[in-house]
Amino acid sequence: MTEFTSAAVPPASMARTPGTRWQIVAWSAWDWGGAAFNSVMTTFIFTALYLTGDAFGGANHASAVLGLTTALGGVAIALLAPVTGQRTDHSGRRKLWLGVNTLIVALLTGACFFVQPHESYLLLGCLLIAAGHVFFEIAGVNYNAMLLQISTRSSIGKISGFGWAAGYLGGIVALLLVYFGLIRSDVGVFGITSADGMTYRAVAVFSALWIIIFAIPVMFAIPESPRNPNMPRIGFFQAYRELWHTIQRLARTSRHTLFFLVASAVFRDGLAAVFTFGAVIAVGSFGFKTGDVLIFAIAGNVVAAVGAMSAGFLDDKFGPKAVIVTSLAGLVVCGGALFFLHGKGAFWIFGLMLTLFVGPAQSSARTFIGRLAPAGQEGELFGLYATTGRAVSFLAPAMFYLFITMFGTQRWGILGIVLVLALGLALLLPVHRPEFHTAAKR
């Protein structure tokens, strides 16, 4: 498979070298901190138990609004991600922009404290979550590109899987602290009670601090990316012209890279929907209560961490495509089962199986691109990866919203998400796998 290339030749100093253990741990700590946004805010606590509750108009109405605003946020990501990644490569300020965008995510998360339990605040809450997704994804462009500063082509799978596992384990710790410190007791820490939604509003403040604290290590451990002197500085609008030239170049020299970007755009949107709407569905369609959701969240994160770590080794041995195909097939089967089955027991079985497959698909999608990215152009290719991932990011939320609206119940939204995952799998099957190095080839 022909690798993505550019006319600009990166300097020798940009050659891939292994990172130290401290650099790998510090890099993974960002994922650990990001779990406060992904697990606590958007998956299991704030949106599932608070923002889509009765105080905001009921599960069906609030879920539909959440789906719509999430789709709009995806459009913003599609427009901004490639430019930010490309400009980072040209300026050599990858770490700086990772820090800036992470701080914005934390501020938007903390602002959810002002979302009071009334339907008039529903749109504000959904917009804050959607905007958080935008800046989290843009920060992720720089974070993913940093993976190539601390890995080699023979270790990228394990390190990527370690990062995803750190995120899941960080989610467990954050959820436990939230549960025992704020939600379980009638009076939480600092005398916080459930009056006026204060329990969940305090969760937003906790999550914001969690994000900031665990973003600090990577700022010290990993050096700023060197600027490629062969790449001139470009303006904001010129970056879009460069993006178009990049796409044209991919179409000529590396079509299967382009094909993968299209396929991953679809299946990653389905993966994101599993996280965004999973707990919402558990509460609205399977009768889960607050305690059920938190216990499931902890169990699900443990299973997901195991899946991500295991997939990292399988990725380096068999390649990322094999891991992604297997994971997507498992997700389609488990999601289809949840559409037809009822009761908490069914969700416990097939919901946990879903979490087992989600992590490997996410991790190996990242390494698929990482194995293709030349030194000095990581941000550009990961920016394009984020863009294509969000170019159709309206698809799963829109299908979730459409199926609920058409058939009148939240359960039908499950089928909408499953169809998106199945389409992504079908598009991926013809794509050639990238070159990879097994342990025997090192």
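Colleague: Which residues form a nonpolar patch on the surface?

Modeller: In this predicted model, the patch is formed by Trp22, Val25, Phe162, Met309 and Phe313, and together they have about 490 Å² of accessible area.

Colleague: What makes this a patch?

Modeller: The cut-offs do: a patch takes residues with over 30% relative accessible area and no salt bridge, with nonpolar side chains joined within 5 Å. Those five residues form such a patch.

Colleague: Which helices each supply at least two residues of the patch?

Modeller: Helix 1 (21-44) and helix 10 (290-318). Phe313, for one, is found in helix 10.

Colleague: Why is helix 9 called roughly antiparallel to helix 12?

Modeller: Helix 9 (residues 255-286) and helix 12 (residues 344-370) pack at an angle of about 155°. Angles over 145 degrees count as roughly antiparallel, so the pair gets that label. Their axes are 10 Å apart, and helix 9 passes helix 12 in a left-handed crossing.

Colleague: Which residues make that contact?

Modeller: From helix 9, they include Phe260, Phe267, Leu271, Phe275 and Phe286. Helix 12 brings, among others, Phe347, Val358, Ala361 and Phe368.

Colleague: And what about helix 4 and helix 5: at what angle do they cross?

Modeller: Roughly 155°, with the axes of helix 4 (residues 94-111) and helix 5 (residues 122-146) coming within 8 Å. That angle makes helix 4 roughly antiparallel to helix 5, and the crossing is left-handed. Among the residues that meet are Trp97, Leu98 and Ile104 in helix 4, and Phe135, Phe136 and Tyr143 in helix 5.

Colleague: What is Tyr179 in contact with, leaving aside its neighbours within four places in sequence?

Modeller: Arg184 and Leu294; contact here means heavy atoms within 4.5 Å. Tyr179 itself lies in helix 6 (residues 156-183).

Colleague: How far is the C-alpha atom of Tyr179 from that of Thr290?

Modeller: They are separated by 9.4 Å, though the two residues are 111 residues apart along the chain.

Key. Residues numbered from 1 in each chain as written. Predicted model: local features only at pLDDT ≥ 70, side-chain atom pairs only at ≥ 80, totals over all residues. Heavy atoms only, no water. Patch = residues over 30% accessible without salt bridge, like charges linked within 9 Å, V, L, I, M, F, W, Y side chains within 5 Å. Areas by Shrake-Rupley, 256 points an atom, 1.4 Å probe, with all protein chains shown as cover. Salt bridge = Lys/Arg side-chain N within 4 Å of Asp/Glu carboxyl O. Helix = DSSP H or I, 4+ residues; strand = E, 2+ residues; numbered from the N terminus. Axes fitted to C-alpha atoms, helices over the stretch in contact; angles between N-to-C directions. Parallel < 35°, antiparallel > 145°, perpendicular 65-115°, else oblique. Left-handed = near helix turned anticlockwise from the far one by under 90°.
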